[in-house]
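Welcome, and thanks for taking a look at this one. Please open the model below and keep it at hand while you read.

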Amino acid sequence: RFYPQENWWPVNAEVRHRTIKSTPLNLLKPSAGLPFLTVPIAGGERRLEPSTFQKGCYFAHEGVVRPNCSHHPIWLAGLPLQILSSSLWEPIRDQSRPKNLQLNAPQTGFNGCAWDPLIRQGAKQNRLLVHSRRSRTVQAVAFPVVSSSADGAEYRKQLAESYGFRQIGEDLPDDVTLKQIIDTLPKEVFEIDDAKAWKSVLTSAASYALGLLMISKAPWFLLPFAWAWTGTAVTGFFVIGHDCAHKSFSKNKLVEDIVGTLAFLPLIYPYEPWRFKHERHHAKTNMLVEDTAWQPVDKKEFDSSPFLRKAIVYGYGPFRPWLSIAHWWRCHFSLKKFRPNEVQRVKISLACVFAFMGIGWPLIIYKAGVVGWIKYWLMPWLGYHFWMSTFTMVHHTAPHIPFKTSEEWNAAKAQLNGTVHCDYPHWIEILCHNINVHIPHHISSRIPSYNLPAAHRSIQQNWGKYLNEATWNWRLMRTIMTVCHVYDKEQNYVAFDQLAPEDSQPVAFLKRVMPDYA
């Protein structure tokens with residue numbers, strides 16, 4: 001509720017059952033004639049220059065004012081604050097306010113408000129004062145808000161733009177089941193075609209061989225391009241093994257086990273341990289603690305020690321595109337992490353990996369030296385892990401996609417609403433065998449990779465309004481790497497720099513250097 005007074009308006013806004021402290025926001029008149037926004041903080045003020053107002057919105061948290069993406073509704077002082085003007089503000093003259101300044105409060109569970117009448121001339125300066133207990137700190141949170149259907153569509157469109165998505169889908173109704181979604185798929189998308197399966201093997205083998213040739217012939221300044229190609233090509237081997245693990249490569253299961261094991265060897269990835277862990281990822285997608293692919297940082301772990309906190313900040317910050325290396329090492333080589341009936345197959349896979357390392361690595365070093373081992377194996381392997389990490393986090397990570405406890409988890413919502421379809425450059429899609437056409441793969445993992453595009457078209461026709469879709473871009477990666485950090489039940493994620501700004505220099509660095517471009 002709002003209580004208009006002559007110069008200020010006290011507000012006690014309940015947002016998801018928590019009251020957020022407020023702070024004054026002042027509109028002042030600088031000598032240049034263009035207004036700027038000041039936010040009072042301990043020890044001084046932070047100000048936003050008028051040139052940046054063209055981007056639309058600003059995020060203030062604990063005394064730090066940060067630019068936010070264009071037209072992104074945010075929570076400031078417990079109230080949604082959105083600057084809709086796309087042009088520079090007009091100068092403030094006498095008792096008037098800027099004519100094209102609009103502050104918008106969407107329908108969000110408490111009474112909406114038309115802000116225009118609330119901006120009035122104060123005794124000494126133009127002021128919009130949102131006051132609660134005269135707090136001197138700024139506290140803000142950003143999270144999705146439920147709206148009416150018309151407002152909700154516009155809100156999701158703005159949210160999609162700010163996160164780097166093409167579309168953010170509506171919430172799937174609670175009564176929709178995963179079986180109902182599967183039943184809408186054409187039967188032919190489940191059919192295994194041996195010719196297409198072996199064509200994918202040939203594509204990966206040829207592109208990998210071409211990559212090795214490029215590495216051998218390229219001058220030093222072209223080596224990064226050769227490594228990028230070869231790392232992407234060897235990612236195709238992973239996708240072939242991935243299909244074998246899901247029993248969607250061949251009707252002969254022994255063939256699948258052999259091909260899957262061999263496809264994983266250049267990656268020194270043990271096939272059976274990965275398969276067992278990956279099955280649990282599909283069974284418990286975006287389930288807190290239980291999902292074996294990716295998890296938000298646990299707050300208790302983040303606060304447990306300064307050393308671990310810094311390691312987590314670097315790992316989930318600038319090194320996040322290679323964080324799958326830690327996952328590979330921690331989750332697949334210890335027999336204690338597997339059930340008794342799985343251990344025998346795990347041992348066979350580990351023996352194959354160690355044999356490859358014991359025979360293949362010495363041969364590479366014997367023929368090309370340690371430098372050759374780095375050029376021909378290590379650098380493409382790091383390229384593979386870049387894609388492994390990137391694909392995995394894009395598939396299921398966004399500020400609006402929640403992780404749920406086992407009591408709250410819903411299979412249909414997790415697989416349809418909680419999975420992201422992302423379009424990559426066409427050459428990446430070819431070399432990686434449609435792994436990023438990921439929503440149908442989570443609806444049913446028995447769909448072969450070459451049938452995923454047809455399955456996705458069917459899902460778009462029948463369930464299109466519920467889908468999260470994107471084209472790979474800088475803003476998408478920037479959002480994931482600088483926002484999606486520590487688990488929070490209400491907000492989904494809390495960024496490191498909100499919890500521990502003094503330890504979050506790597507995140508601040510990413511915000512400076514990563515383009516906000518979609």
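A search of the whole structure turns up eight cavities of 30 Å³ or more, and the largest cavity holds about 310 Å³ of space.

**Confidence**

- Where pLDDT is low, the predicted coordinates should not be read in detail.

**The largest cavity**

- Which residues come closest to the centre of the largest cavity? Out of 23 lining residues, they are Trp274, His278, Ala293, Met388 and Thr392.
- Four helices each supply at least two residues of this lining: H4 (223-245), H6 (271-283), H9 (324-332) and H10 (343-396).
- H10 gives the most to the lining, with six residues.
- By class, the lining of the largest cavity has ten nonpolar, twelve polar and one charged residues.

**How H4 meets H10**

- The axes of H4 and H10 lie 7 Å apart, and the two helices pack at an angle of about 65 degrees.
- Is the crossing of H4 and H10 left-handed or right-handed? The crossing is right-handed.
- On the H4 side, the contact is made by Leu223, Trp227, Thr230, Gly231, Thr232, Val234, Thr235 and Phe238.
- On the H10 side, these residues meet Lys375, Met379, Pro380, Gly383, Tyr384, Trp387, Met388 and Phe391.
- The contact of H4 with H10 includes ten nonpolar, five polar and one charged residues.
- Met388 has a place in both pictures: it is among the residues of H10 that meet H4, and it is one of those closest to the centre of the largest cavity.

**Two positive phi values**

- Most residues other than glycine have a negative phi.
- Lys247, which is not a glycine, has a positive phi of about 60 degrees; you will find Lys247 in the loop between H4 and helix H5 (253-264).
- Asn434, also not a glycine, has a positive phi of about 65 degrees, and Asn434 lies in the loop between helix H12 (426-431) and helix H13 (438-443).

Notes. Residues are numbered from 1 along each chain as its sequence is written. This is a predicted model: local features need pLDDT of at least 70, side-chain atom pairs count only at pLDDT 80 or more; totals for chains, interfaces and linings use all residues. Side-chain values use heavy atoms; hydrogens and water are left out. On a 1 Å grid over the protein atoms alone, a cavity is a set of points where a 1.4 Å probe fits but cannot get out, and a pocket is an open set with protein on both sides within 12 Å along at least five of seven lines; lining residues have an atom within 4 Å of a point. Grid points are joined across faces, edges and corners, and a volume is the space filled by probe spheres set on the points. Ala, Val, Leu, Ile, Met, Phe, Trp, Tyr, Cys and Pro count as nonpolar, Asp, Glu, Lys and Arg as charged, and the others, Gly among them, as polar. Axes are lines fitted to C-alpha atoms, for helices over the stretch in contact, and angles run from 0 to 180 degrees between N-to-C directions. A crossing is left-handed if the near helix is turned anticlockwise from the far one by less than a right angle, and right-handed if clockwise. Contact means heavy atoms within 4.5 Å.
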